[in-house]
Amino acid sequence: MKVEYRIYMGIGIFVLLVTTVYFFWAKEYGGVTMLFGTAGLGIMPALYFGWWRKRMDPRPEDSETATLAESKGAIGAFPSNTIWPFVLGMGAFLSGLSLVFGEWTLVIGGALLIFAAASVTLESRRGGVI
Amino acid sequence: MTIAEERNDLSNEEGGHEHEHGGPRGIYLWLTSTDHKVIGKSYMYTALIFMLIAGAMAMLIRAQLTGPNNHIVSQQTYNELFTIHGSMMLYLFAGPFAFGGFANYILPLQIGAPDMAFPRLNALSYWLFVTGGITMLSGFFTSGGAAAFGWVSYAPLSSYSNAPGAGPDLWIVAIALTGFSGIFTAVNLITTAFYLRAPGLTMFRLPIFTWNMIVTGMLILIAFPILTAAMIMLYADRHFGAHFFTVSGGGSPVMWQNLFWFFGHPEVYILALPYFGIVSEVIPVFSRKPIFGYKGLVFATLAIAGLSTGVWAHHMFTTGTVLLPFFSALSLLIAVPTGVKVFTWIATMWGGDIEFKTPMLFVIGFLFTFVMGGVTGVMLAAPPIDFAVHDTYFVVAHFHQVLAGTAVFGGFSGFFYWYPKLTGRMYRESLGKLQFWMAFVGFSLTFFPQYLIGLRGMPRRVPVYLVSDHVTFLNQLSTVGAFLTGASFIVWLINMWISWKKPVAAGDNPWDGHTLEWATSSPPPHHNFVSLPPIRSARPLWDANHPEHADYKNQGHGSVPREREEQK
């Protein structure tokens with residue numbers, strides 16, 4: 001986790017430096033706002049990874065000498081075939097089209113979105129272990 | 001993480017092998033699969049179809065510019081064509097082809113993972129991408145036509161009074177949908193690379209392609225939300241009477257340029273970095289050497305990502321509202337890590353036992369075009385030059401050499417390199433080489449004259465020019481080149497057709513590859529691996545196949561020519 005933390009922190013701090021230079025040199029506040037937000041997009045994930053780095057057990061994928069046998073147990077649950085991402089996508093599509101063609105597509109799209117989002121959540125309970 | 005044997009036992013208990021016997025096929029597989037390999041391939045083929053459509057638009061554009069005062073298409077149609085050509089190539093081909101197609105398929109294989117971290121989110125991104133593309137194209141079927149304000153959609157051209165009708169709104173919705181698709185894919189890629197690596201595969205043993213995809217993902221997460229926000233503001237301006245980008249209500253049109261290019265410049269690297277990753281995979285394999293300066297390449301990629309956030313206003317030098325020395329200096333600085341990359345690639349080839357197969361030819365075509373585009377990019381980073389050639393064909397030639405150089409030459413290099421892994425079949429080498437030479441000659445012939453056209457002052461995005469402009473011959477050369485490039489894609493389609501109808505089995509590892517994707521069968525089984533080699537360096541498969549030359553024994557960078565090994 002150390003490298004993951006450092007690359008995010010590195011980007012965040014670099015952009016923070018750029019922000020500081022830009023702030024005092026350009027005195028243009030639109031750019032400063034965007035740069036400051038970008039620095040946050042580097043530093044916030046870095047803090048998350050840094051927080052976990054201290055709390056999690058050392059992982060075999062961070063060890064140069066780990067063997068395949070060192071990792072026991074399932075990697076995670078991976079769902080098999082499911083139609084709901086497609087339905088969710090169509091819901092988003094029709095909801096988006098309502099911005100162009102009027103509210104009636106939102107009725108269909110919104111219904112699909114709610115239905116698919118609920119189904120996809122319920123389905124998570126049935127996800128198999130690989 | 002489980003080792004492979006356990007994984008198989010588990011999947012048998014849970015009945016996880018649906019794909020292999022009696023699972024869904026055809027359209028039903030396409031609609032329901034959460035397998036990263038199926039989604040990756042769908043992404044790739046969809047993006048290539050979008051590329052062919054946008055390429056056909058480019059042919060129309062070039063046909064219109066063949067002679068002075070041509071009237072093959074109307075002015076309005078011309079505007080629609082270059083807008084949708086640019087939008088599709090950038091938002092629907094170059095990006096999704098790489099981070100949706102290649103990365104989706106290859107990244108989990110390269111790190112020894114069974115799938116992406118969020119398979120259903122992955123499927124959702126694909127559907128948002130497809131519907132985004134359909135939305136953008138459907139603009140042509142509305143009464144007012146498609147969006148016609150260029151892929152950058154500058155205010156006030158994109159305001160409701162200047163661009164009325166449903167087409168521009170469809171364009172906005174399309175960008176929002178593909179934007180979300182990109183964001184979801186980026187989350188997926190980063191999480192997969194951070195959390196699903198095989199044991200012993202530390203960050204500094206990751207293949208360069210995977211590294212580049214991590215950095216691309218970080219850039220997507222930085223850039224795309226700003227684009228989506230800008231789209232919402234633009235929509236509010238158009239329909240809710242907001243005044244973000246109109247002077248009359250106290251807004252500022254230049255604000256649009258700031259927002260757009262704060263997305264747009266990182267976007268250029270989002271499009272380029274994955275292809276740099278592909279090139280960094282192909283060169284070592286076909287030179288039979290480890291990559292020269294692994295860490296240098298990684299830090300160069302990170303440096304490009306960092307710098308790319310501070311250069312957005314070099315697209316806006318001529319607005320007169322930006323701090324020229326700051327943006328010029330940062331833009332020039334980007335040449336340093338990019339130069340490091342180019343020299344690293346050359347140094348990897350240096351002294352290697354290079355095999356000029358189709359993927360390697362495309363890489364060399366990439367190097368040639370990209371360096372040309374890069375050098376003119378350094379020129380454009382200097383405000384005095386930019387003032388002279390801003391919005392002329394010089395800029396058009398520059399960014400086509402950079403972007404098409406990476407996305408087409410880098411992209412097809414990766415396509416041919418991984419085609420045996422994707423399908424288990426081999427393409428026809430002679431047709432691949434023919435496609436390369438047609439594309440390379442055609443492409444150079446298209447864009448070198450455009451530098452001169454630009455220097456003679458022809459502005460971009462104009463449908464007609466006069467005889468007295470003295471650009472007729474150069475434009476004709478450019479058109480010939482464009483049609484030659486177009487014909488090269490027909491050769492590619494023929495190649496694909498032959499390899500589909502008369503398959504030649506490729507084998508699991510036809511190139512003597514270095515990284516884990518070649519350690520599994522072609523195409524890989526459901527959940528990817530039956531067994532993994534031990535990982536002791538950045539080239540685990542090379543170590544397993546050539547134990548006497550393994551990287552962890554021999555830290556040098558020398559190549560291992562085929563003959564020497566055969567003698568042993």
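This is a predicted model: local features need pLDDT of at least 70, side-chain atom pairs count only at pLDDT 80 or more; totals for chains, interfaces and linings use all residues.
Start where the chains meet. The contact draws on 60 residues of chain A and 71 residues of chain B. The size of an interface is often given as the accessible area lost when the parts come together. Here chain A and chain B bury about 5,800 Å² between them. Carbon and sulfur atoms account for 73% of that area.

In one salt bridge, Asp62(A) pairs with Arg197(B), and their closest N and O atoms are 2.7 Å apart. On the side of chain A that touches chain B, the elements giving two or more residues are α1 (2-26), α2 (29-55), α3 (84-101) and α4 (104-124). By class, that side has 39 nonpolar, 13 polar and eight charged residues.

Now take α2(A). Glu28(A) caps the N-terminal end of α2(A). A side-chain oxygen of Glu28(A) lies 3.0 Å from the backbone nitrogen of Gly30(A). The buried residues of α2(A) include Val32(A), Leu35(A), Ala39(A), Ile43(A), Ala46(A) and Phe49(A). What do the buried residues of α2(A) pack against? Their partners are α1 of chain A together with α6 (166-195), α7 (208-239) and α8 (253-287) of chain B.

Move on to chain B. Ser444(B) is in helix α14 (residues 429-455). Is Ser444(B) buried or exposed? Its relative accessibility is 13%, so Ser444(B) counts as buried. A polar atom of the Ser444(B) side chain lies 2.9 Å from the backbone oxygen of Phe440(B).

The loops of chain B hold cis peptide bonds. One joins Ala155(B) and Pro156(B), with omega about 0 degrees. Pro156(B) is in the loop between α5 (119-138) and α6. Another joins Ser522(B) and Pro523(B), with omega about -15 degrees. Pro523(B) is in the loop between α15 (472-501) and α16 (540-545).

Positive phi values come next. Asp391(B), in the loop between α12 (383-389) and α13 (393-423), has phi near 60 degrees. With 36% relative accessibility, Asp391(B) counts as partly exposed. His470(B), in the loop between α14 and α15, has phi near 55 degrees. His470(B) is exposed, because its relative accessible area is 58%.

Definitions and conventions
Residues are numbered from 1 along each chain as its sequence is written. Chains are lettered from A and ligands numbered from 1 in the order in which they are written. Side-chain values use heavy atoms; hydrogens and water are left out. Contact means heavy atoms within 4.5 Å. Buried area is the accessible area (1.4 Å probe) that two parts lose on being put together, summed over both. A salt bridge is a side-chain nitrogen of Lys or Arg within 4 Å of a carboxyl oxygen of Asp or Glu. Helices (H or I, at least four residues) and strands (E, at least two) are DSSP runs, numbered from the N terminus. Ala, Val, Leu, Ile, Met, Phe, Trp, Tyr, Cys and Pro count as nonpolar, Asp, Glu, Lys and Arg as charged, and the others, Gly among them, as polar. Buried means under 20% relative accessible area, exposed over 50%, partly exposed in between (1.4 Å probe, protein chains only). A polar contact is a pair of N or O atoms within 3.5 Å; within protein, one must be able to donate a hydrogen and the other to accept it, and residues adjacent in sequence count only if both atoms are side-chain atoms.
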